[in-house]
Amino acid sequence: MTTAHPPAPPAGALPYDADFALDPPLALLQTRTRRLVLRWIWTSTAFLGIAGVLGLLLRLGQAEFISLDGNLWYAIMTAHGLGAFIAWAGFFLMGITWWVLFKCGFPIRSFILPELTYWTMVIGVLGIVATTLLGGFGGSWVFLYPLAFHSSGQWSDLVTGVFSASVLLAGVSILTYCAGVLHTVISPALKAEKDTLGQRIGLAFGFGLLWPSRFKTKRGVEPYPVLPLAVNALDMFLATLPFALLLVFQIIQSADSGFSINTLLAGNLLWAFGHPVVYLLLFPAAATYYYLIPRYAGRPLVAGRAVAVSWLIALTFNLFVWAHHLYMNYPNGNDIQETLGTIMQPTTYALVLPSAMSLFSLSATIWRSNFQWNVASKFLIAGAVSWLVAGLQGIINATSMFQDTLHNTLWVVGHFHNMAFLNMGLLIFGAMYAFLPELTGRLHFNERLGSWHLWGTLIGAYGWVVCQMWQGLDGAPRRWARLPDTYMGLTRLSLVFLAILVIAQVIFLVNLYTTLRRSPFDDPSVRQGSGVK
Amino acid sequence: MTSLGMGIGIGYMIFVVLGLIIAAVVLYSTKRGRRDNGEGVDVARAERAEPWWAVFIVVLLGVLLALTIWRAPWFQDNGPGQKVQVTGIQFGWAVQPTSVKVNEPVQFNVTSMDVNHAMGLFDPEGRLIMNVQAVPNYTTTRTHTFTEPGTYIIRCFEFCGYQHHKMIYPAFKVTA
């Protein structure tokens, strides 16, 4: 499909705001994009439901309120990890990318790649669910090589092969997503004054801010949400390739037991993807913050060259941080891992910059603004504060000298739930409250129920995460179906908070259901949804 | 909890509280009567402050790096001492010898016969004092000097299969 460009914004509109006075070709694209994104939202939310129930079962099992035999617990853990991280949060944020881009004036140029992304992920996730919950694959989402081939009789090599192929499909989904985003972004929609490929690439990666005399756009201002999306797309494309190679090796070994690879090499192939994949969530989340927060603050994003520099740092160092997951792998006579560990502590620290600069920009945008408070903006603010809270934990985790105390403890589990659920997750809920009215044509969410959802989620999730982090600081190991008795008190206490969290999500579903049952609205002036200006 | 664990927790909380105070000030500034009346002074000021904020973050992280990197586990001295061979195999530990003397360096040589494991060493008070990866076909050496006699426990700290949580060595003795 050919690209249609949004018309020039009317006076008073914020920069890169495409959602006005749609001309017919763009309106058609909008309808198609809206349907695609909605399908994405409902599917990923269904995955959240499944992954959430599985997570609850894990904690109930640890608390000995239900009985799960060892392998079943670990199979559920494997399904929960991939389901919650990739199939819910990752998949949702991949889907919402298309809408954020559309709203910034970057309509999808070809629907083939987004459709491929959607279907390969759905089929891959179904394969993962089947091989874990039915086939018994319980190697954890990292299936640290060669564990998948040492199942102690709990699953077969065939199951390992199908599981690896299913994860590989999810990897293909990430590759097509990245290609689709780059295709959409590096496009005429950038409105480069000299419309060459080099100019487009430069503008997409922020050179319009760094070198404005060389990289000029007729838009007048660089579309900030495009920056993290372009960076993520290029990096994740490259980072997924070594992981795909590892999965291909596993598929070969599942068919030919004489084949094997070096354990340390496998670890490096895994983590070359396994860390950047966090940014498959965080960077589209950053783009969504960049898009929505200025709308509630009523002013453009306050950002300058430093934020562009920070995204270029992310673009570079994102691919060179994986070894911090292998800090504890420094066997005798293998200087390479030690060197990588020494190099990758500072490179990991460097990745603090995009977060720190983003939080600065968002704060400066909000500062003394006529900020519009509603359920969507409250979720976004809570998510941004959690970004800070969880980001500080990330600096601790990146510090090699703390690993004797923290490595593979529940502190790490608490950290990534803090980051994934309470930063990206709250952003996801905020984006749903903000975008669903305009996507579905139904106005609008009950604010009171929305507030209960927010506070229930905050109290429930933080209560549970703090319990896990405290246990971790006290030496509780992660990935244990049954923790030592000394940790039982906090495990059971966390269930109280998990109950609050579950109730909050039920409230959200009720709010969503009653909203969707309403008649569609016709008034275009309220198309923008839950109070988004 | 070890003193390092306590220190990490307290240090972290200090930064969280500082961050929350800043967030509260930012959000409070949006109250009616405190808002910018459109003159854009605050925006211009923030744009000037942005690079300095970046410099501040870089300096802070540089200091943390300088204070910590030389204490990475792989830089620790693994000098001679009482040698202990620790081998992980699904789902147990072979430890030889099973006791060592207090206040004398102990050199742990850790490996695995099958998949990745990790030796999580807990002191008699239940505190995690050391974490060493057991990688198949490789040996990792760490030296530790015990200052308290008693019975220490080894728990597996790298997920290794369906009996991972039962992979415990319950009685490594440190004698006076």
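Helices (H or I, at least four residues) and strands (E, at least two) are taken here as DSSP runs, numbered from the N terminus. The model is a predicted one, so local features need pLDDT of at least 70 and side-chain atom pairs count only at pLDDT 80 or more, while totals for chains, interfaces and linings use all residues. Residues are numbered from 1 along each chain as its sequence is written, and chains are lettered from A and ligands numbered from 1 in the order in which they are written.

Most residues other than glycine have a negative phi, and most peptide bonds are trans. B:Phe91 sits in the loop that links strand E1 (82-89) to strand E2 (92-96) of chain B. Another cis bond runs from B:Gln96 to B:Pro97, this time with omega near -5 degrees; B:Pro97 belongs to the loop between E2 and strand E3 (99-101).

Then there is phi. A:Phe143, not a glycine, has a positive value near 30 degrees, and its place is the loop between helix H3 (112-134) and helix H4 (157-185) of chain A. A:Phe143 counts as buried because it has 23 C-beta neighbours inside 10 Å (buried means 20 or more other C-beta atoms within 10 Å of a residue's own, exposed means 12 or fewer, and C-beta atoms are placed from the backbone). B:Asn103 also has a positive phi without being a glycine, at about 65 degrees. B:Asn103 is in the loop between E3 and strand E4 (105-112) of chain B, and is exposed because 11 other C-beta atoms lie within 10 Å.
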